[in-house]
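Dear colleague,

Please find the structure below, with the sequence alongside. My notes on one helix and on the salt bridges follow.

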Amino acid sequence: MKSLVAILLLACTVYGSPVLETPEVASARAAHNAAHATARALNALPPAASPIYLEQAVQDTPEVWAARAEHYKAYATAAAANGVVASLPSLQPYYFQAIPDTPEVWEAKQAHFRAHAAARG
């Protein structure tokens, strides 16, 4: 019985007529493929960066810093009283400042990205 089902399925697959799409389905498929093409085109180029890129962590106010220090001290005291070694983050401010590109470097990068996009088609 299983072989008969397999043979019938194979025969339907090989000799079956192609499924015709209705005009609505064909239109929806075309719109879907166009949306994919648009998305590919938009993602071809990286977003244009500003010539000067600076990122800096948000700084705590003195009141927030003092409250955090007090909290860490209380936490460490409670942890030590319970025999736990407290591993707390540093209270030192974290600074991240990227080195900005000069206008010439920024233009060269943009030309490079455009060349890659043109090569991809």
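Ala69, Tyr72 and Ala79 are the buried residues of H3, where buried means under 20% relative accessible area, exposed over 50% and partly exposed in between (1.4 Å probe, protein chains only). These residues cover an arc of only 100 degrees around the axis, which puts them on the same side of H3; the arc is that of the directions from the helix axis to the C-beta atoms. On the other side of H3, the exposed residues are Glu63, His71, Lys73, Thr77 and Ala81.

This is a predicted model, in which local features need pLDDT of at least 70 and side-chain atom pairs count only at pLDDT 80 or more, while totals for chains, interfaces and linings use all residues. Residues are numbered from 1 along each chain as its sequence is written, and side-chain values use heavy atoms, without hydrogens and water.

Helices are DSSP runs (H or I, at least four residues), numbered from the N terminus. After H3 comes glycine 83, with a positive phi near 75 degrees.

There are two salt bridges, each defined as a side-chain nitrogen of Lys or Arg within 4 Å of a carboxyl oxygen of Asp or Glu. One joins glutamate 70 to lysine 73, with the closest N and O atoms 3.9 Å apart. Both residues lie in H3 (residues 62–81), three residues apart, about one turn of the helix. Glutamate 70 is partly exposed at 47%, whereas lysine 73 is exposed at 52%.

Arginine 29 pairs with glutamate 21 in a salt bridge whose closest N and O atoms are 2.7 Å apart.

Yours sincerely

Methods. Helix = DSSP H or I, 4+ residues; strand = E, 2+ residues; numbered from the N terminus.
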